[in-house]
Amino acid sequence: MSLNLDARQRAMLEEMHVPVWWPESVVAAAAAPVPAPEPTATPVRNAPRSIAEAMADAPELVAARAASPLVSPALLAATPLVVPTGAVASMDWATLQQAVAGCVACTLSNHRKNTVFGVGPAAPADGGPPQADWLIVGEAPGENEDLQGEPFVGQAGKLLDNMLKAIGVSRHGSEDGQPHKAACIVNVLKCRPPGNRNPGVDEVAQCAPYLRRQVELLQPKVIIAMGRFAVQSLLAETVPDVQATPLGRLRGQVHQYHGVPVVVTHHPAYLLRSLPEKAKAWVDPCLAMDVWKKRTAAQVAVQAELG
Ligand code: URA
């Protein structure tokens with residue numbers, strides 16, 4: 001790891017309990033106030049509305065709903081996928097967002113206040129995806145995320161933001177007035193499981209086409225998969241028996257999800273509970289940054305070649 005760290009990165013390492021030494025001048029610089037207005041990231045928020053209203057915006061799901069008028073666990077077991085994968089696969093970002101907002105493919109839709117599509121730089125008005133080289137994938141919205149319609153707004157989100165900030169990445173595209181590399185943050189599930197229980201297999205299956213389309217549209221240079229549900233969802237096709245493979249064994253390597261490199265790390269909520277793991281987890285964003293640098297360098301070389 002480079003020791004050419006700025007004050008913020010050092011603060012981050014301290015928070016992660018990675019011991020570092022630095023001279024008084026750096027401490028003084030770190031203590032100096034840096035009052036700069038932060039641009040706000042753009043959560044894809046959905047005002048609470050009825051399922052009927054939401055479905056009016058998502059004709060594909062209305063059709064799917066008509067074919068399967070009851071969403072119950074028994075029906076889900078009998079009906080492999082309510083989310084029409086073919087339709088989702090051709091949606092642009094704006095349409096995908098609407099489809100998620102109106103989704104009633106599983107029983108989670110009965111309990112949610114908001115769907116949580118993701119957060120990141122503002123998407124362009126033409127319906128295209130936001131510009132973000134980084135995609136961070138978590139598990140599912142919790143209570144606060146459900147209320148606010150934005151992923152990772154609690155303590156785990158604070159740790160995640162600090163970890164990203166330490167490597168110059170941000171959901172806002174900048175921090176404290178300094179430009180950062182932009183990240184989109186999304187979850188495997190777009191709706192909160194009641195009581196913050198684990199996602200069900202059927203729920204993950206219904207939501208998978210949305211996540212896949214988000215990746216296809218964003219074309220990030222690197223994905224960070226946080227925690228076992230993100231890892232199992234993203235690596236199901238490339239890691240044999242991923243369900244039974246301990247997450248620790250998948251860290252430190254670069255995996256693939258539909259042509260995009262994936263780096264595995266612990267879920268920040270777990271890191272909040274485990275100080276030793278929190279210190280060790282620092283290598284994961286560093287590995288992701290190596291991947292990003294290599295892909296960026298390769299892209300620059302290709303562009304130079306093409307003139
Ligand atoms: N945990 C997650 O996995 N996602 C969130 O959005 C919040 C907490």
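## Helix H15

Several H15 residues are buried, including Asp284, Cys286, Trp292 and Thr296; buried means under 20% relative accessible area with a 1.4 Å probe, counting protein chains only. Just after H15, Gly307 has a positive phi of about 85 degrees.

## The whole chain

The protein chain holds 15 helices and 8 strands, which are DSSP runs (H or I, at least four residues, for helices; E, at least two, for strands) numbered from the N terminus. Of its 307 residues, 50% count as buried.

## A look at Asn187

Asn187 sits in strand E5, residues 181-187. Because its relative accessibility is 1%, Asn187 counts as buried. Its side chain reaches the backbone nitrogen of Glu139 at 3.2 Å.

Leaving aside residues up to four places away in sequence, Asn187 touches (heavy atoms within 4.5 Å) several residues, among them Val116, Gly138, Pro151, Phe152 and Leu211.

## Reading the numbers

Residues are numbered from 1 along each chain as its sequence is written. In this predicted model, local features need pLDDT of at least 70, side-chain atom pairs count only at pLDDT 80 or more, and totals for chains, interfaces and linings use all residues, while side-chain values use heavy atoms, leaving out hydrogens and water.

How values were computed: Polar contact = N/O pair within 3.5 Å; in protein donor to acceptor, adjacent residues only side chain to side chain.
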